[in-house]
Amino acid sequence: MHARSVAATTSALLGTATLLLPASDVRAVEVGEPPTVIAHRGASAYAPENTLAAVDKAAGLGIRWVENDVQRTRDGKLVVVHDDNLRRTTDAEEVFPDRAPWKVKNFTAAEIARLDAGSWFGPAYAGARVPTLEQYVRRVDRNHQKLLLEIKNPELYPGIEQQTLKVLANESWLDRQHRSKLIVQSFSADTVRTVHKLKPDVRTGLLGTPNVADLPGYAQFTDQINPSHSTISTGYVSAVQAFTGAHGKPLEVFTWTVNDATTARRVARYGVDGIITNTPDVVRNAVGAP
């Protein structure tokens with residue numbers, strides 16, 4: 001995820017937002033109900049991001065939610081990787097020295113499967129691989145975890161929304177049992193809107209910090225507004241939660257990426273519903289989450 005600029009909001013909207021909150025939500029904030037803790041790209045402070053090892057590390061820490069990033073290969077397979085190129089988190093530059101700039105979209109799934117996605121993090125993880133989306137969701141399911149799935153760079157991959165939903169359906173992640181364990185998010189409002197149109201039962205999140213004045217439109221097709229922690233305040237969080245989302249509940253706020261106890265406690269006081277973090281154990285302990 002990358003930070004987005006904060007759009008200006010009006011004092012009137014922010015000042016009245018808490019009054020507009022349903023009573024149950026106001027009580028939850030007042031009594032300090034702890035936010036959900038989401039392991040960013042798995043427990044990525046402790047294992048290489050977006051790998052099965054990071055998912056397992058989160059599970060070992062007792063973290064129920066993990067976040068991941070989905071992109072598409074040259075031959076149309078979905079893989080779990082954050083950057084649009086493979087240089088930072090694999091040895092692609094060494095294995096394929098003549099393939100600069102090593103874009104995900106320019107490699108086949110078989111080529112990406114050859115890459116070492118763990119040695120950059122530490123020798124203990126040498127040989128870890130970039131998982132396919134199928135491999136990733138199977139591991140999350142095996143660990144009895146929940147998934148916050150980000151469709152990354154959708155402008156590079158036309159139709160990736162439908163393809164992602166097809167994989168999720170094939171892996172039973174769109175059935176009644178799994179739908180409560182899944183949220184699909186993106187920085188692209190068009191992508192979030194498309195996911196909602198294709199599968200209205202799936203919960204969705206819009207990444208960024210949109211202007212409060214634009215929230216009524218977004219609330220038609222999303223359930224969450226998920227901003228950077230550096231861009232929010234108590235007023236902004238309350239303003240978001242004052243709106244009813246696509247599934248008839250107040251819009252939620254999952255903020256990112258919070259990796260220290262002081263910041264975690266600060267955003268918890270803002271009333272956020274979730275905190276996305278590389279250090280989920282640190283954040284959980286700081287906010288008293290189960």
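Colleague: Helices here are DSSP runs of H or I with at least four residues, strands are DSSP runs of E with at least two, and both are numbered from the N terminus. How many helices and strands does the chain have?

Modeller: There are 13 helices and nine strands in the chain. This is a predicted model, in which local features need pLDDT of at least 70 and side-chain atom pairs count only at pLDDT 80 or more, while totals for chains, interfaces and linings use all residues. Residues are numbered from 1 along each chain as its sequence is written, and side-chain values use heavy atoms, with hydrogens and water left out.

Colleague: What percentage of the residues in the chain is buried?

Modeller: Of the 290 residues, 52% are buried. Buried means under 20% relative accessible area, exposed means over 50%, and partly exposed lies in between, using a 1.4 Å probe and protein chains only.

Colleague: Which residues of β5 are buried on each of its faces?

Modeller: Leu-182, Val-184 and Ser-186 are buried on one side, and Ile-183 and Gln-185 are buried on the other. In a regular strand the side chains alternate between the two faces of the sheet. Strand β5 spans residues 182–186, and since five of its five residues are buried, it is largely enclosed by the rest of the structure.

Colleague: How many bridges join β4 to β5, and do they run parallel or antiparallel?

Modeller: Four bridges join strand β4 (residues 146–151) to β5, and the two run parallel; strands count as paired if DSSP finds at least two bridges between them. Leu-147 is opposite Leu-182 in this pairing, and Glu-150 is opposite Gln-185. Strand β5 is also joined by four bridges to strand β6 (residues 203–207), again running parallel, with Ser-186 opposite Leu-206. From β5 the chain crosses through helix α9 (residues 189–198) to β6, and this β-α-β crossover is right-handed. Right-handed means that, with the strands pointing away from the viewer, the path from the first strand over the helix to the second runs clockwise.

Colleague: And β4, which runs parallel to what other strand, with how many bridges?

Modeller: Strand β2 (residues 65–72) runs parallel to β4, joined by six bridges. Val-66 has Leu-147 in β4 as its bridge partner. Five of the six residues of β4 are buried, so β4 is largely enclosed by the rest of the structure.

Colleague: Changing topic: where does Glu-161 lie, and with which residues is it in contact, neighbours within four places aside?

Modeller: Glu-161 lies in helix α7 (residues 160–170) and counts as buried, because its relative accessibility is 11%. Leaving aside neighbours within four places in sequence, Glu-161 is in contact with Ile-151, Pro-154, Thr-191, Thr-194, Val-195 and Leu-198, where contact means heavy atoms within 4.5 Å.

Colleague: Which residues does the cis peptide bond join?

Modeller: The cis bond joins Ala-100 and Pro-101, with omega of about 5°. Pro-101 lies in the loop between α4 (92–95) and α5 (109–113).

Colleague: What is the phi of Asn-50, and is the residue buried or exposed?

Modeller: Asn-50 has a positive phi of about 60° although it is not a glycine, and is buried, with a relative accessible area of 1%. Its place is the loop between β1 (36–39) and α3 (52–60). Ser-172 also has a positive phi, of about 70°, without being a glycine, but counts as partly exposed at 35% relative accessibility.

Colleague: What volume does the largest cavity have?

Modeller: The largest cavity holds about 60 Å³ of space, and Asn-50 is among its lining residues, which also include Glu-49, His-82 and Arg-129. On a 1 Å grid over the protein atoms alone, a cavity is a set of points where a 1.4 Å probe fits but cannot get out, a pocket is an open set with protein on both sides within 12 Å along at least five of seven lines, and lining residues have an atom within 4 Å of a point. Grid points are joined across faces, edges and corners, and a volume is the space filled by probe spheres set on the points.

Colleague: And what is the volume of the second largest pocket?

Modeller: The second largest pocket has a volume of about 190 Å³. Its lining includes Trp-65, Lys-146 and Arg-284.
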